[in-house]
Amino acid sequence: LVVHAGCDRLTGVGKRTLLHEQFRRAHPQGRITEIDCASLMTDDAPVLDRRDGRPRALFLRALHLLGPVAARQLDEALRPLLVLPDPPLVVGCVDTPAVDATRPYGLLLRHFHQITRIPPLRYRHDEVGDIAWSILRRIAPQRSLRLSLQVVRVLEGYAWPGNVSELEDVLRYVVARKPMGEVQPPDLP
């Protein structure tokens, strides 16, 4: 289970990016399935058991937005996965500073073995360069773009009040204006 450490803006600290990078590093051929709990309707029973021999991760976004009925249905869908010989890694994201077992998602806490708190990007300057590289590879996979050391230092020195979403916006700006080569500080907005 991944939650935020105390911060003013609770979304966009990089939970999704962190999960994808960590899982891809450990399992390059693995498969990640994402479920947006905010849009999970009570009549949408997710199909979770798709075994194909590859390592799997199940990423439950916005777990804190689940209603009671949807939480129960998701719990029922997750329970059979516990007995599989190769169960998927189940990661749930709660965009709140603390886990509240009295909320509907509290029913799902038995599916998680540990809690990881991810602080806002402004407190993780040493990770900004790696996160920027990851975003750049995702938004411009066919482009031959590199971030110069000076650009990484500029990115690390910024406070990022908009968290990873703001960093992605900056990189999209750069990609739209620079088709290839090494990104330099004048290329940044």
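Reader: How many helices and strands does the protein have?
Author: The protein has 5 helices and 7 strands, where helices (H or I, at least four residues) and strands (E, at least two) are DSSP runs, numbered from the N terminus. This is a predicted model, in which local features need pLDDT of at least 70 and side-chain atom pairs count only at pLDDT 80 or more, while totals for chains, interfaces and linings use all residues. Residues are numbered from 1 along each chain as its sequence is written, and side-chain values use heavy atoms, with hydrogens and water left out.

Reader: And in what order do the elements run from the N terminus on?
Author: The order is β-α-β-β-α-β-β-α-β-α-α-β.

Reader: Switching to burial, which residues of α1 are buried?
Author: Those are K15, T17, L19, H20 and F23, with buried meaning under 20% relative accessible area (1.4 Å probe, protein chains only).

Reader: What about the largest nonpolar core, and which residues have the most contacts inside it?
Author: That core has 22 residues, and L121, I135, L147, L155, W160, L167 and L171 have the most contacts inside it; a nonpolar core is a set of buried Ala, Val, Leu, Ile, Met, Phe, Trp, Tyr and Cys residues joined through side-chain atoms within 4.5 Å. At least two residues of this core come from each of α3 (128–139), β6 (145–147), α4 (149–157) and α5 (163–177).

Reader: Which residues does L147 touch?
Author: Leaving aside residues up to four places away in sequence, L147 touches A132, W133, L136, V152, L171, E182 and V183, a contact being heavy atoms within 4.5 Å.

Terms used. Buried means under 20% relative accessible area, exposed over 50%, partly exposed in between (1.4 Å probe, protein chains only).
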